[in-house]
Amino acid sequence: QVQLVESGGGLVQPGGSLRLSCAASGSMFSTYYMGWYRQAPGKQRELVASITSGGSTNYADSVKGRFTISRDNAKNTVYLQTNSLKPEDTAVYSCNARRVYSGSIYNYWGQGTQVTVSS
């Protein structure tokens, strides 16, 4: 069982930055694929960025060059550095942990953290 707790959201002006954190409890964190998703009001949830257990990263086109995902396995934490924020980045950002082991899929979600970009 893995519990995920996000933090770091808030209100920021356009062009500003926020660093989101997702702290994971439980063991084997380093073996999990980790992803940051977001969902804006009236829209479907979308994948923003992901990082594999080996450190390979992937980004949505809308955030490439502005967001950076990273992980610190010693701290059981994954980060999302968000720069040059735009109003359209406003959403609830949630952390996801996923692992396939012995034919079973282990999939966990955090409760989310609100990011609001507005002047």
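## The loop between β8 and β9

S84 sits in the loop that joins β8 and β9. In this predicted model, the phi angle of S84 is near 50 degrees, a positive value in a residue other than glycine. How exposed is S84? With a relative accessible area of 40%, S84 is partly exposed.

## The loop between β7 and β8

A second residue to look at is N76, found in the loop between β7 (67-72) and β8 (77-82).

Is N76 buried or exposed? Its relative accessible area is 18%, and buried means under 20%, so N76 counts as buried. S84, by contrast, is partly exposed at 40%.

## The disulfide

How many disulfides does a search of the whole structure find? The search finds 1, and C22 and C95 form it, with their sulfur atoms 2.2 Å apart. C22 belongs to strand β3 (residues 18-24) and C95 to strand β9 (residues 91-101), so the pair ties together parts that are 73 residues apart in sequence.

Which hand does this disulfide have? The torsion about the S-S bond of C22 and C95 is about -85 degrees, so the disulfide is left-handed.

Note on methods. Residues numbered from 1 in each chain as written. Predicted model: local features only at pLDDT ≥ 70, side-chain atom pairs only at ≥ 80, totals over all residues. Heavy atoms only, no water. Disulfide = S-S within 2.5 Å. Helix = DSSP H or I, 4+ residues; strand = E, 2+ residues; numbered from the N terminus. Buried < 20%, exposed > 50% of the residue type's maximum accessible area, 1.4 Å probe, protein only.
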